[in-house]
Amino acid sequence: MASAAKVAVESIAKRIKPLFDRVLVEKAEPIARSKGGLYIPEKAQGRVVHGTIVATGPGARNEQGANIPVSVSVGDSVLLPEYGGTKIELDAKDYFLYRENDILAKLQD
Amino acid sequence: MASAAKVAVESIAKRIKPLFDRVLVEKAEPIARSKGGLYIPEKAQGRVVHGTIVATGPGARNEQGANIPVSVSVGDSVLLPEYGGTKIELDAKDYFLYRENDILAKLQD
Amino acid sequence: MASAAKVAVESIAKRIKPLFDRVLVEKAEPIARSKGGLYIPEKAQGRVVHGTIVATGPGARNEQGANIPVSVSVGDSVLLPEYGGTKIELDAKDYFLYRENDILAKLQD
Amino acid sequence: MASAAKVAVESIAKRIKPLFDRVLVEKAEPIARSKGGLYIPEKAQGRVVHGTIVATGPGARNEQGANIPVSVSVGDSVLLPEYGGTKIELDAKDYFLYRENDILAKLQD
Amino acid sequence: MASAAKVAVESIAKRIKPLFDRVLVEKAEPIARSKGGLYIPEKAQGRVVHGTIVATGPGARNEQGANIPVSVSVGDSVLLPEYGGTKIELDAKDYFLYRENDILAKLQD
Amino acid sequence: MASAAKVAVESIAKRIKPLFDRVLVEKAEPIARSKGGLYIPEKAQGRVVHGTIVATGPGARNEQGANIPVSVSVGDSVLLPEYGGTKIELDAKDYFLYRENDILAKLQD
Amino acid sequence: MASAAKVAVESIAKRIKPLFDRVLVEKAEPIARSKGGLYIPEKAQGRVVHGTIVATGPGARNEQGANIPVSVSVGDSVLLPEYGGTKIELDAKDYFLYRENDILAKLQD
């Protein structure tokens, strides 16, 4: 990620604290090759999209009130369902809030 | 928040005690820049709104009857879903009761 | 509350024992200023109403059969959703049975 | 309750053992004054009815298989929702089986 | 129950082992007087029916895998809702499988 | 069961391992007399069918991750609801996967 | 599986980490004989399909936050319901994400 973009993301992450098991995601532009070098043809981009985790909440709360940490971290590249997520525009960029349970998979190099 | 407004909010907070995991929110006027300096363009204001926590309930109750404290506090600046919330007009101002779980994120300076 | 009305309410409270987490509420007449001095303009009265707790049940029951005491008490001034509640006319007055969880907030002086 | 009617009710109670948290209720004729002397005007009778508990089940069962005793007893005068309940005609009289949780309140002298 | 019929029922009971909390019921012919001498007029027979338990399952299973014994036994006379139950014809007779929770009450002499 | 058929079933059982609380069933041809000698007239065969358990899964998983063994075994003759079950054709024969909880009863000699 | 295909699958498995109880599956081409030698006629292929597990998530999370390992492993041949699963195209091949609970059975040699 270019350093200017990185700075912008970090500043967003500092200011937006998702609640519970929500995570804030910046969707990647639909390019042919993902971070891990996976060639994701156009059609897939229509069905499943990928993006980067920008900020994470403390996790869902169990019956005793303890938070169960989310299993993704800031910077992770992830696969997202096409639909779902709450759109938030910050500093003129789209971000999306997802529940952790809706994140499909992590993409690793 | 201007001191007159602050006084009004504090007086509301003293008189309204939300029950369970409800929180009372004063929605911010749709301005371009949020408290944390985040530029929230018009369109976002249509989809996600932000506001300030005015009063909080004791928290949801678990099976043993204990309250699980809410994870937002009076004065927090928060992101809210566009829909939902019960409108209450007090002293000719709109306030909204939300369940804690519907609050999307905290906005921090 | 005028003493005659108080006596009437107390007599109702002695004779009606709501079950589980139900509470019996006497809705306040839609006046501009609530007990706590909050000016509740007409429009709010259409959306959210306030009233006084007349009698309370022992509370919801958990898996072990123990009652979890309700968090409102007789005499509390409360905010109620516009809809919901079971209407009961006793001694030619309207009372309403609500589940504790539907009571929005307590109004305190 | 007149002694003949009492005998009839007792005989029913001996022969009908509701299961789980069901209770058998004999609905009162819509009279203006309930047992506790509460004047229940006609209109209320259309919305909420009252009756007497004739027989009770052992209570709902929890995860361990133990019954949680019901919180009403034979002879209690109770308030019932207008709808619901399974009608059973025994000895040419109408009785109604309700789940304990649907009973609104107890009416006490 | 006539001895021939008894033998038939016992033979069925030996061969059919309902699973979980199911119970096998033989519906009684709609006669005016039930086993307990209760006069069940025609109309009731249309709404609630009664029958005899022919076989019982081991009971529902809880989280630990233990069965919670059913609260009715073979030979019990019971009240059944008009609808529900899975019809099984065995030896040219109708039997019905009910979940224990759907059995309304036991009829006792 | 004829030995050739038995061999075929055993071979299927070795190769198909149902997951969780699923069981694999071979439906019996609709004959008048079941294994236990029960005469199951045509009509019943249309509503409830019977068959033989060919393979069983390890059982449903509880909160701790332990499997709760299913209560039917390979070779058991069982009663099945008319509808439900996932059809699988193996070696040109129909088999059906059911959840254990949908199996109505065991048929015993 | 031909070694080139195997290498491709392994590379996918390294880069895609399904979350929770999701598993990534490569559906087998609809051939007449499955890995275990089971003849799966055309019709079955229309209703139930089989495939190979390519990657598995850490498992569903219980109330304490612990993952409950999934009961299938990479390389397992499995039976899948015809519908369901989220399609993902990677390196121009179709893969499908299923929840563990939707996998019908394992096919063993």
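Guide: In this predicted model, the area buried between chain A and chain B is about 2,100 Å², and carbon and sulfur atoms give 57% of that area. On the side of chain A, A:Arg15, A:Leu19 and A:Glu89 lose the most area to chain B, together 30% of what that side buries. The contact involves 23 residues from chain A and 29 residues from chain B.

The elements of chain A that give two or more residues to the side touching chain B are α1 (3-15), β1 (16-18), β7 (86-90) and β8 (93-99). The largest share, 5 residues, comes from β7(A). Divided by class, the residues on this side of chain A are 9 nonpolar, 4 polar and 10 charged.

There is 1 salt bridge between chain A and chain B. The salt bridge is formed by A:Arg61 and B:Glu100, whose closest N and O atoms are 2.7 Å apart. As a general point, side chains of opposite charge can pair when their charged atoms come close.

The two chains are joined through strands as well. β1(A) and strand β9 (residues 105-107) of chain B run antiparallel and are joined by 3 bridges. Within this pairing, A:Lys17 stands opposite B:Lys106 in β9(B).

Chain A also meets chain G. Here 29 residues of chain A are in contact with 23 residues of chain G. The area buried between chain G and chain A is about 2,100 Å², with 56% given by carbon and sulfur atoms. G:Arg15, G:Leu19 and G:Glu89 supply 30% of the area that chain G buries against chain A, more than any other three residues. The interface of chain G and chain A holds 1 salt bridge, in which the side chains of G:Arg61 and A:Glu100 meet at 2.7 Å, N to O. Strand β9 (residues 105-107) of chain A is joined to β1(G) by 3 bridges, and the two strands run antiparallel. One of the residues involved, A:Leu107, has G:Ile16 as its bridge partner in β1(G).

Over all chains, the count comes to 42 salt bridges. Among them is the pair of B:Lys93 and B:Glu26, with the closest N and O atoms 2.8 Å apart. B:Lys93 lies in strand β8 (residues 93-99) of chain B and B:Glu26 in strand β2 (residues 22-27) of chain B, so the pair ties together parts that are 67 residues apart in sequence. B:Lys93 is partly exposed, with a relative accessible area of 34%, whereas B:Glu26 counts as buried at 13% relative accessibility.

Another salt bridge is formed in chain G by G:Arg99 and G:Asp21, their closest N and O atoms being 2.6 Å apart. This pair links distant parts of the chain, since G:Arg99 is in strand β8 of chain G and G:Asp21 is in the loop between β1 and β2 (22-27), 78 residues apart. G:Arg99 counts as partly exposed at 27% relative accessibility, while G:Asp21 is buried, with a relative accessible area of 12%.

Terms used. Residues numbered from 1 in each chain as written. Chains lettered and ligands numbered in written order. Predicted model: local features only at pLDDT ≥ 70, side-chain atom pairs only at ≥ 80, totals over all residues. Heavy atoms only, no water. Contact = heavy atoms within 4.5 Å. Buried area = accessible area lost by both parts, 1.4 Å probe. Salt bridge = Lys/Arg side-chain N within 4 Å of Asp/Glu carboxyl O. Helix = DSSP H or I, 4+ residues; strand = E, 2+ residues; numbered from the N terminus. Nonpolar A, V, L, I, M, F, W, Y, C, P; charged D, E, K, R; others polar. Pairing = 2+ DSSP bridges. Buried < 20%, exposed > 50% of the residue type's maximum accessible area, 1.4 Å probe, protein only.
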